[in-house]
Amino acid sequence: MVYAIAQLNQMSQSEFTESLAKIFEDSPWVAEKTWSKRPFKDVNSLHQAMVETVEESALSDKLNLICAHPDLATKTKMAEASVKEQAGVGLDRLTLEEYNHFQQLNQAYKDKFAFPFIVAVKNHTKESILEAFEQRLENSLETEREQALIEIAKIARFRLLDLIPTSA
């Protein structure tokens, strides 16, 4: 389904939440809480309002949002949008060696930070994701928590642009 901003601005809270529930991975609460910030001028103002909703939320909600994201290059069940995004950079077609490398990095990252590595894969190649993994493993917990939220905001923007054409 594709929406115009005007349509979203006219929706009830439940319709709005349902329409935008998948923008933030398994976290429809972001859309639900953003509804009260209507009307939105355009997709950019909607995105900014959703990001502000996350920024204003409790640390526990932020951590739940981060933890809702799947590991990269995993074979576990994940949201349809995540499947498409990861397939777009070839993470569904790794060699056994590449797959094992990703799994080792996923585990090392989770062991250190207690949440999954998150990157807006549309901005990357398989190689640049691996490079980011290696670099970010050197960061502090606070830095990585902030970086995860930055990456989640980028992912949400891509998802919004797929749902709301900028000409709408």
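The radius of gyration used here is taken over C-alpha atoms, and the globule rule is 2.2 Å times the number of residues to the power 0.38. By that rule a compact globule of 168 residues would have a radius of gyration near 15 Å, and the chain, at 16 Å, agrees. The C-alpha atoms fill a box of roughly 50 × 30 × 25 Å along the principal axes.

This is a predicted model, in which local features need pLDDT of at least 70 and side-chain atom pairs count only at pLDDT 80 or more, while totals for chains, interfaces and linings use all residues. Residues are numbered from 1 along each chain as its sequence is written, and side-chain values use heavy atoms, with hydrogens and water left out.

The chain holds nine helices and zero strands, where helices (H or I, at least four residues) and strands (E, at least two) are DSSP runs numbered from the N terminus. Of the contacts (heavy atoms within 4.5 Å) with a separation of 6 or more, 70% come from residues 24 or more positions apart.

Because its relative accessibility is 28%, Lys37 counts as partly exposed, the class between 20% and 50%. Leaving aside neighbours within four places in sequence, Lys37 is in contact with Ala49, Glu52, Thr53 and Glu56. Asn9 is 28 residues away from Lys37 in sequence, yet their C-alpha atoms are 9.6 Å apart in space.

Technical notes
Buried means under 20% relative accessible area, exposed over 50%, partly exposed in between (1.4 Å probe, protein chains only).
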